[in-house]
Amino acid sequence: MQTTIEPQTSFEVTNKGFYGHFGGAFIPEMLYPNVEELRQNYLDIIADPAFQAEFWQLLEDYVGRPTPLFLAKRLSAQIGATIYLKREDLCHTGAHKINNTIGQILVAQRLGKRRIVAETGAGQHGVATATVCALMGLECIVYMGSIDMERQQPNVDRMRMLGATVVPAKSGSQTLKDATNEAMRHWINNPVDTHYIIGSVVGPHPYPDMVARFQSVISEEIKKQLFAKVGRETPDYVVACVGGGSNAAGAFFHYLNEPSVRLVAVEAAGKGVSSGHSAATTALGKPGVLHGSRTILMQTEDGQVTEPYSISAGLDYPGIGPLHAHLFESGRGDFYAITDDEALQAGFELSKLEGIIPALETAHALAALPKMNLQPSDVVVVCLSGRGDKDLNTYSKHL
Amino acid sequence: MNDNRLITKNDNQKILMTLSTTQNRISDLFSQKSERLLSVYFTAGFPNLNDTLTILRSLQAANVDFVEIGMPYSDPVADGETVQQSNGRALDNGMSLKTLFAQLQGCRRDIIMPILLMGYINPVLQFGVENFCQKCQEVGVDGVILPDLPLDLYLADYATTFREYGILNVSMISPQTSESRIRYIDEESNGFIYMVSSASITGSVKGTSDSMRQYFDRIKAMNLRNPYLIGFGINNHETFDTASQYANGAFVGSAFIRHLAQNGTSEEGIKEFVQTIRA
């Protein structure tokens, strides 16, 4: 009866933008032409050999790819399994976010756009966007919740130094969700010359699919690197943190149809799943529509979006990407919720065991390892999505 | 057995659909009046939780042609600051769809003008689309405007239910909407079309420009089968007048919210506001 939500066994997006029950493009008519222009063109643009050549060249020479796949021996010994870290923290600007912004700015150029608008929570996506705008000489406007601007002042300064205009989002709760609303409003007001670079696998179709494709370089490299190290492309587990879920989508992408690989998504439980201060979307949410897609969403009984909380600014988003909602609903993914304290502890542990200070977001993924009942023979890849320099203020309060 | 049930349901639906088309207050209005129609938007629960009926009655006394009652939402992406703030205030006041329907229960004893609900899809989904339509029918709501429910998704998933209860779904067009899509929207609409005056969110447009007039001309020349009203940026007599030269009328939203915020809900004040727009 409901034609757009036919059961779907595949994990690829349908041509209408659905993953199972989730996805689609729930957008005001004012955005329809922009989103439709993107939908009609993104696959062709990405498939174009000239685009591919430029994209890969930039990933190699500018971002610093491939990023290493590092066998974390001391962590492995402590956990009791073989743990590899996919070092996205070594990307230029310090996180995986730039894989997507490089891809999208090349798309924007080919669509003839002159201005870029973006939203940011912790500032990582904002910095990655400002960076590629500087590189390509495009005007850059980043919306950031005014509360987040105070919390993440160094990233605000970085964006400004890179030439971006950072606009405080003063509406609603003044955090990531509201920055996203403001970026969408900006796009509605400037439909012709502006491209909106969404930072995660969220938003209306084709964004979740496009962002996942640009981030899929992560699992593409894991496959090759793992084969070189252990003689097979498939680990037993791939583990990644999920706010909107872009690093997870990239780390899972080439394993979606490999049932032998368990996909582990780790959400932020904040002060505890039931504490009222949490961002554990799959544990607390219900199906709903936010920022253009049907997904799992933290909301009140009346359908008002709930303000999430996490110690990590990159994970406090009230929804998740529609692909992840589908992984959750279909049982393809295992979902864990990690508290602030557990994440902090895992961050300190990795720093001491391996000499790598992870971003607080990434620390959530690491904290899931002891909970996974791993066997000594298990091979696990953790997506080390970002470095922890930006979080030193928070870490140092708990030293 | 199954087949029988299906036939019965379809027949009922047909009867309901016929009834609803003949009885819809919106079609009635457009068959009686086709020029200088004025619809006024206000957010349910703003400025105070229980102002809904007071405002409705005053707007009717002020002779507006119909109203859009805003269903407040936490994340109104198509709205500018004024409507956003009224949404936030209404939610703080405790407004919900349940409360709104309770307030509207019995309003048809004295409200005769068409009533539309305007808002975002998520609260409707949580209320349950069928429940929502049933409640609309029960309290006398004639149609809805849900900017983040595109026509294709509406037709695929919800049109049957809306039609079953005789609730109109109003689609929008904007200056960027292609001619073929406008034709498609016109074909699939049965009530009227909401024509957004410029590429913008609500309350952000100042005056009417040349490019806006060109767009108005272009739409006028298309001779759409549905009537259409212009909204966004209609905030005084001049803009209402311009819109009315090109369309069947206009929507006033943010300007009225500002009026309520500054002057409260007195009937005199509301009448004066409406008179100023109409002049």
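Biologist: Which exposed residues does the face of helix 7 of chain A turned away from its buried side carry?
Modeller: Gln153(A) and Met161(A). Bear in mind that this is a predicted model.

Biologist: And which residues of helix 7 of chain A are buried?
Modeller: Within helix 7, residues 153-161 of chain A, the buried ones are Asn155(A), Val156(A), Arg158(A) and Met159(A). Around the axis they cover an arc of only 160°, so they sit on the same side of helix 7 of chain A.

Biologist: What do the buried residues of helix 7 of chain A pack against?
Modeller: Against helix 5, strand 6 (139-145), helix 6 (146-151) and strand 7 (165-169) of chain A.

Biologist: What follows helix 7 of chain A?
Modeller: Gly163(A), with a positive phi near 95°.

Biologist: Different topic. At what angle do helix 4 and helix 5 of chain A pack?
Modeller: About 45°, and the axes of helix 4 (residues 97-110) and helix 5 (residues 124-136) of chain A are 9 Å apart. The two helices of chain A are therefore oblique to each other. Helix 4 of chain A makes a right-handed crossing with helix 5 of chain A.

Biologist: Which residues make the contact?
Modeller: On helix 4 of chain A, they are Lys97(A), Ile98(A), Thr101(A), Ile102(A), Ile105(A) and Gln109(A). Helix 5 of chain A brings several, including His125(A), Ala128(A), Val132(A) and Met136(A). The residues of this contact between helix 4 and helix 5 of chain A divide into seven nonpolar, six polar and one charged.

Biologist: Now the interface. How many residues of chain A are in contact with chain B?
Modeller: 30 residues of chain A, against 35 residues of chain B.

Biologist: Which element of chain A gives the most to that side?
Modeller: Helix 8 of chain A, with six residues. The side of chain A that touches chain B splits into 13 nonpolar, 12 polar and five charged residues.

Biologist: Over to chain B. Which residues of helix 3 of chain B are buried?
Modeller: In helix 3 (residues 52-61) of chain B, Thr52(B), Ile55(B), Leu56(B), Ser58(B) and Leu59(B) are buried. Down the axis of helix 3 of chain B, these buried residues fall within an arc of 165°, so they line one face of the helix.

Biologist: And what does that face meet?
Modeller: The buried residues of helix 3 of chain B pack against strand 1 (37-43), strand 2 (66-70), helix 5 (97-104) and helix 13 (267-278) of chain B. Just after helix 3 of chain B comes Asn63(B), which has a positive phi of about 65°.

Notes: Residues numbered from 1 in each chain as written. Chains lettered and ligands numbered in written order. Predicted model: local features only at pLDDT ≥ 70, side-chain atom pairs only at ≥ 80, totals over all residues. Buried ≥ 20, exposed ≤ 12 C-beta atoms within 10 Å, placed from the backbone. Helix = DSSP H or I, 4+ residues; strand = E, 2+ residues; numbered from the N terminus. Arc of directions from axis to C-beta. Contact = placed C-beta atoms within 7 Å. Axes fitted to C-alpha atoms, helices over the stretch in contact; angles between N-to-C directions. Parallel < 35°, antiparallel > 145°, perpendicular 65-115°, else oblique. Left-handed = near helix turned anticlockwise from the far one by under 90°. Nonpolar A, V, L, I, M, F, W, Y, C, P; charged D, E, K, R; others polar.
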